Amino acid sequence: MRAYHAHTAKALDVQVEPGAEFWGWAGRTLGAPARTATGVPAWLRLVSAPEDKASGKLWDGALEAQHAFGDLDGHRPALLAVHDAVDDGIAYRAELSVRVEDPVLSDDPVLQHEAQLPDSWWNDLAGTLEKVAAVDTGRVAVRQQYMERAIPEVVGIPAPAVSCWTTAHADVHWANLTEPLRLLDWEGWGMAPEGFDAATLYAYSLLQPDTAARVRVTFPVLGSPAGLAAEATVCAQLLQTVARGDNLILEGPLRNWAEELRRR
């Protein structure tokens, strides 16, 4: 991965800054700060996959997001260039993006402290997700078949009817957000039940009651009949991660949320 990261830096005519590499899950991705030939700060991310799996939603997410959304009025890091290569059955895609200098709000998706954020930040987030929701796409982030299977099994209620499907970022958590607002990691975006992004952020805020309450105020779809399908879906997804040994710190709050959903 390091060798191909260096190779693609040359192909894209950027200089990688030493000493700051960031590895993704299972070594699938490698990112590092870089500068273009004209000195513009950038971020160079390399993703790898077996050649026969180098396609589909996750592989093309960032590129398709650039086409669909652009930079979302500065709230999404624009994709500047893409470089593809294949070697010995492994496909590599390098994505050069505008660098975000501000740190993410949390090193962990689960918020570990109350978020002290101005009203303007919350308004920007709500406005940005509203713009995302309005975009037409054939991409799918949540499948009806998943909801019909997982929600009864995990949450204990029939899968609620979806009153409206909208486009979602589909991974809105605190490790993908900065202040001023930038929304990172656009691999998995696509259609989901209305309120899915709000429900996701709420789930990752459950340990911090003031922030969780602010999420509900900012996104009134939560707690409404229109938002029930999204809330039940997110609750089921995260309880499944708990069953696999992840997000264990959220187990109690998630089970309380599931109980609340069963009473609605």
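So, is Thr167 buried or exposed? Thr167 counts as buried because its relative accessibility is 3%, where buried means under 20% relative accessible area, exposed over 50% and partly exposed in between, with a 1.4 Å probe and protein chains only.

Quick word on what we're looking at. This is a predicted model, where local features need pLDDT of at least 70 and side-chain atom pairs count only at pLDDT 80 or more, while totals for chains, interfaces and linings use all residues. Residues are numbered from 1 along each chain as its sequence is written, and side-chain values use heavy atoms, with hydrogens and water left out.

Back to Thr167. You'll find Thr167 in strand β7 (strands are DSSP runs of E, at least two residues; helices are H or I, at least four; both are numbered from the N terminus). The Thr167 side chain reaches the backbone oxygen of Val135 at 2.5 Å. Leaving out residues up to four places away in sequence, Thr167 touches several residues, among them Phe69, Val132, Ala133 and Trp189; contact here means heavy atoms within 4.5 Å.

Now, the second largest pocket. Its lining has 15 residues, and Leu129, Glu130, Ala133, Gly195 and Phe219 lie nearest the centre. Who supplies the lining? α3 (119-133), β7 (165-168) and α5 (196-203) each give at least two residues, and α3 gives the most, with four.

On to Arg76, which sits in the loop between α2 (57-69) and β5 (79-87). Arg76 is buried yet has no salt bridge, meaning a side-chain nitrogen of Lys or Arg within 4 Å of a carboxyl oxygen of Asp or Glu. The nearest side chain of opposite charge is Asp71, 7.4 Å away (Lys and Arg count as positive, Asp and Glu as negative; His and the chain ends are not counted). What Arg76 does have is a 2.8 Å polar contact, side chain to side chain, with Gln66. That term covers a pair of N or O atoms within 3.5 Å; within protein, one must be able to donate a hydrogen and the other to accept it, and residues adjacent in sequence count only if both atoms are side-chain atoms. Among the other residues that Arg76 touches are Phe69, Leu183 and Trp186.

Last one: Ala212, in helix α6 (residues 209-218). At 7% relative accessibility, Ala212 counts as buried too. Not counting residues up to four places away in sequence, Ala212 touches Tyr202 and Ser205. Its C-alpha atom is separated by 31 Å from that of Gly138, 74 residues apart along the chain.

Note on methods. On a 1 Å grid over the protein atoms alone, a cavity is a set of points where a 1.4 Å probe fits but cannot get out, and a pocket is an open set with protein on both sides within 12 Å along at least five of seven lines; lining residues have an atom within 4 Å of a point.
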